[in-house]
Amino acid sequence: AATAEAEIKASSDFKAGATKRAQASARPPPVVDESVDPEEDDDEDEEEAGESEDKTDKDSSEQSAGEEAELSLVPYSNVAYSESEMLKRATDFANLLSRRRSCRQFSERPVDPEVVRLLVTAAGSSPSGAHTEPWTYVCVTNELMKRRIREIVEEEEEINYARRMSAEWKADLAKLRTSWEKPYLTEAPVIVVLMRQVHGWRSGREEKRQHYYSEISVSISAGLFLAAVQNVGLCTLTSTPMNAGPALRRLLGRPPNEKVHLLLPLGYAAHNAQVPNLTRKPVEKIMVNI
Ligand SMILES: Cc1cc2nc3c(=O)[nH]c(=O)nc-3n(C[C@H](O)[C@H](O)[C@H](O)COP(=O)(O)O)c2cc1C
C-alpha cells in the first residue's frame, strides 16, 4: 500500500523525463517525484560496461521482507525537558557544534571501532525520502586500502587542480590552502566512504526500488554523522573527490547502484593541527523571522 507521503508525491507535478518513463511502462506507473533525476539510470558509473549485477548477493540496499506491508502506528515518544533545561541544552549544543571544524591533519591514534559503529548508528537515524535509507557507510581501517584510496584520489585531484577546476574555484580554495595532495587519507585511522544508493532492490532483487530525494537524504545523514563525530571529540573532513568516485566504488567492492557521496577521514586531530581562520555568518544573517 502506498504511504501518505508517496500519495502526495504521486499527485504532484513531476519531470517530463520521468513522466515519459512512467508512461512507457506497461505496469502501473511507479511513484515519481521531482527528486528523481531521470538521467540517473543512464549514468555510466551506475551500470558500467561488462559489469553484471549479481542478483543473489544480498546487500544493504535490498528491501527487507515485510517492509512493503502497511506499518502499524505506535505512540510517539521523545524525551521532555523544562524550558530552562531546553535553553541550556540548546546553548550547549550550539556551542559544541560551533567548534566543529574540517580538519586536514590527523593523529594516527586509532579510534575505538565501537565508537565508529555508534557514530554510524547515529547517522542511520536520519530521515529519508519515503524511509528508503539510501546510505552505506563504508569504514576503511585497512592500511593498504587507505593507501589505494589516497592514490586514486590524488591521481584525479592532480588533474582537477591542473585542468578541470575553474580559475574562480581555485581562487576560492586558495585561502583554505588545499591542494591535490591528501596526506590525511593515509594519516587518519579511519576513512569513512559514504555511499549513496541511487536505487534499492525489492525483495529478491528482481525489481529496482525507487529512492526519493536520495541526495538530500544522504546529506542529512552526513550532517548527523558530523554532529555525532563532534559530540565525541573526534574530527573529520567533508570531502568530495571529483572524478574518483567510480574507481573508489570498484576498489571498495560496492555494487553499481551505489555512488560515492562523501569521503570522510575520521580520527583525532593531530596535536599541531591548524585550520583556516574562518568566521561564520551571525545568526541574524542566516535567520529570517516572518
Ligand atoms: C559539500 C562539501 C564538499 C567539500 N569538499 C571538500 C574537499 O573536497 N576538500 C576539502 O579539503 N574540503 C572540502 N570541504 C570542506 C570545506 O572546505 C569546509 O567545510 C569549509 O571551508 C568550512 O570550514 P569548516 O568545515 O571548518 O567550518 C567540503 C565541504 C562541503 C560541505
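An oxygen atom of the ligand lies 2.9 Å from an N or O atom in the side chain of R100, and this distance, like every other value here, is computed from a predicted model. The protein covers 66% of the 620 Å² of accessible area that the ligand has on its own.

**Contacts of the ligand**

**Surroundings of the ligand**

- The ligand sits in the second largest pocket.
- The residues that surround the ligand include R100, R101, S102 and R104, together with L176 and T178.
- Also among the surrounding residues are L237, T238, S239 and T240, as well as L278 and R280.
- Sorted by class, this shell has 3 nonpolar, 5 polar and 4 charged residues.

**An aromatic pair**

- When the whole structure is searched, 1 aromatic pair is found.
- The pair is formed by Y137 and F225, whose rings are 5.5 Å apart from centre to centre, with an angle of 35° between the planes, so that the arrangement counts as tilted rather than stacked, a word kept for planes under 30 degrees apart.
- Y137 belongs to strand 1 (residues 135–140) and F225 to helix 8 (residues 214–231), so the pair links distant parts of the chain, 88 residues apart.

Technical notes. Residues are numbered from 1 along each chain as its sequence is written. This is a predicted model: local features need pLDDT of at least 70, side-chain atom pairs count only at pLDDT 80 or more; totals for chains, interfaces and linings use all residues. Side-chain values use heavy atoms; hydrogens and water are left out. A residue is near a molecule or strand if one of its heavy atoms lies within 4 Å of it. A polar contact is a pair of N or O atoms within 3.5 Å; within protein, one must be able to donate a hydrogen and the other to accept it, and residues adjacent in sequence count only if both atoms are side-chain atoms. Accessible areas come from the Shrake-Rupley method with a 1.4 Å probe; for residues, only the protein chains shown count as cover. On a 1 Å grid over the protein atoms alone, a cavity is a set of points where a 1.4 Å probe fits but cannot get out, and a pocket is an open set with protein on both sides within 12 Å along at least five of seven lines; lining residues have an atom within 4 Å of a point. A molecule sits in a cavity or pocket if more than half of its atoms lie within 2 Å of its grid points. Ala, Val, Leu, Ile, Met, Phe, Trp, Tyr, Cys and Pro count as nonpolar, Asp, Glu, Lys and Arg as charged, and the others, Gly among them, as polar. Rings of Phe, Tyr and Trp (its six-membered ring) pair if their centres lie within 6.5 Å; planes under 30 degrees apart count as stacked, over 60 as edge-to-face and the rest as tilted. Helices (H or I, at least four residues) and strands (E, at least two) are DSSP runs, numbered from the N terminus.
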